[in-house]
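Work through the exercises below with the sequence and the 3D view at hand. Try each task before reading its solution.

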Amino acid sequence: MGQLLSQPLTDKVIEYHEQNRFSYCLGSMQGYRLTQEDAHCFLSEPSLTFYDVDSTMSKIDVKIFGVFDGHGGSHSSEFISKTLARVLLQELSTRGNPLNKKTTQGLVIHRVKEAFLKADYELHQDISTKTIGQNSGSTAIVAIIINNTHLYSVNTGDSRMVVSFAGTAKNMSFDHKPNHIGELIRINDAGGMVTYNRVSGVLALSRAFGDFKFKKRGYYPEPQDVKQDDDDESSGLESSDGPVITQTSLSQRQRLVSEETQVTVEPEIICHDLGLEDEFIILACDGIWDVFRNQDVVRFIHDDITTKLLEHSLALADQTTGVGYDNMSIFIVACQQDGETLEEWYQRIKLKVEVEKQLI
């Protein structure tokens, strides 16, 4: 578990914002950790230029919610919380369809993955100029809502997203752990090993921003590593880890090599069309999920509020297993209907709970 405080810091950061369709509340607490390594972001762009698969241009509404759980210090989580949303908007507004995606959804997924790779590269460049953060990393659980109807759950690491669908927890992400078969194969193929369910016995995650010591040298080519081909029309990366890789664009070089790294930043993305039965969206770090099952969190939010959820998580701390001693951060995003105020949403959910409990 590392070093812990003898008594938890229970001061809470609560942010609340009411808006059209997707009002939210964020709660975070340091708990027993020596420092607060969690970070978060929210960004709304109601009129983003978007080029579809056939290069037709339109304006789309984009909302981005993110929770970032840092480890090895707060540098990576803080940097990504300030960088990723910006890079996501840049990628979503990129013109062209380089991989000839046939659907809008496929194109969005491609651009989101590109954004994660580019943000990780920016983090690498930032860390390389500093003496801090060299061994830091961060998970990312991000909700991207497009035109108030399409939800993209984007996950790297073991933070998690759940949608309350008619009072039932619907998983929108799956934890990236080193002992999961697909992750284990990639780690072994990259020359790594998993011991005690950790990469090289150290890292309990198989995907993350940062953690560059688990990523090959070729993942971030330096200028001196790139050489021109004889025809001077393309260039390549020559690495001790493998053959020359044809240089096309920075993101494509990253994508080719990131699939071969012990720890990768490449996210998994789950899509969901938001409808009348969707009540709220939960994004939280593992400090919450370590002590609650998905359905328990949905039920708790139905019956209670963010502050009590954080306090109850702390009360469940177990010194033997270590759960409950981590930083805790949670986003609760209300899924309001067209023209519905936050108060009207609250009364609608409250009525459903009272009917389910046969209180009325």
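The exercises that follow concern a predicted model, and each has a worked solution.

**Exercise 1. Cysteines**

Solution. 
- Step 1. In general, a disulfide is a covalent bond between the sulfur atoms of two cysteines.
- Step 2. Cys25 has a relative accessible area of 18%. The limit for buried is under 20%, so Cys25 is buried.
- Step 3. For Cys271 the relative accessible area is 28%, and Cys271 is therefore partly exposed.

**Exercise 2. Aromatic pairs**

Task: Describe the geometry of the pair Tyr24 and Phe331, then that of the pair Phe116 and Phe209.

Solution. 
- Step 1. A pair of aromatic rings is described by the distance of the centres and the angle of the planes.
- Step 2. The whole structure has six aromatic pairs.
- Step 3. In the pair of Tyr24 and Phe331, the centres are 5.3 Å apart and the planes stand at 75°. An angle over 60 degrees counts as edge-to-face, so this pair is edge-to-face.
- Step 4. The pair links distant parts of the chain, since Tyr24 is in strand 2 (residues 24–33) and Phe331 is in strand 18 (residues 328–334), 307 residues apart.
- Step 5. Tyr24 is buried, at a relative accessible area of 11%, and Phe331 is buried at 1%.
- Step 6. For Phe116 and Phe209 the centre-to-centre distance is 5.2 Å and the angle between the planes is 35°, which makes the pair tilted.
- Step 7. This second pair also links distant parts of the chain: Phe116 belongs to helix 2 and Phe209 to strand 12 (residues 209–210), 93 residues apart. Both Phe116 and Phe209 are buried.
- Step 8. Tyr24, Phe42, Phe65 and Phe331 are joined by ring pairs into a cluster.

**Exercise 3. The cavity**

Task: Count the cavities of 30 Å³ or more, and list the residues that line the largest cavity.

Solution. 
- Step 1. The count is one cavity of 30 Å³ or more.
- Step 2. The largest cavity holds about 30 Å³ of space.
- Step 3. Its lining consists of Gln105, His150, Leu151, Tyr152, Cys271, His272 and Asp273.
- Step 4. Strand 7 and strand 16 (268–273) are the elements that give two or more residues to this lining.

**Exercise 4. Two residues with positive phi**

Task: Locate Asn197 and Ser200, and state the phi of Asn197 and of Ser200.

Solution. 
- Step 1. Most residues other than glycine have a negative phi.
- Step 2. Asn197 sits in the loop between strand 10 (194–195) and strand 11 (198–199). The phi of Asn197 is positive, near 60°.
- Step 3. Ser200 sits in the loop between strand 11 and strand 12. The phi of Ser200 is positive too, about 55°.
- Step 4. Asn197 is partly exposed at 46% relative accessibility, and Ser200 is partly exposed with a relative accessible area of 37%.

Terms used:
Residues numbered from 1 in each chain as written. Predicted model: local features only at pLDDT ≥ 70, side-chain atom pairs only at ≥ 80, totals over all residues. Heavy atoms only, no water. Buried < 20%, exposed > 50% of the residue type's maximum accessible area, 1.4 Å probe, protein only. Phe/Tyr/Trp six-rings, centres within 6.5 Å; stacked < 30°, edge-to-face > 60°. Helix = DSSP H or I, 4+ residues; strand = E, 2+ residues; numbered from the N terminus. 1 Å grid on protein atoms, 1.4 Å probe; cavity = no way out; pocket = protein on both sides within 12 Å on 5 of 7 lines; lining within 4 Å. Points joined across faces, edges and corners; volume = space filled by probe spheres on them.
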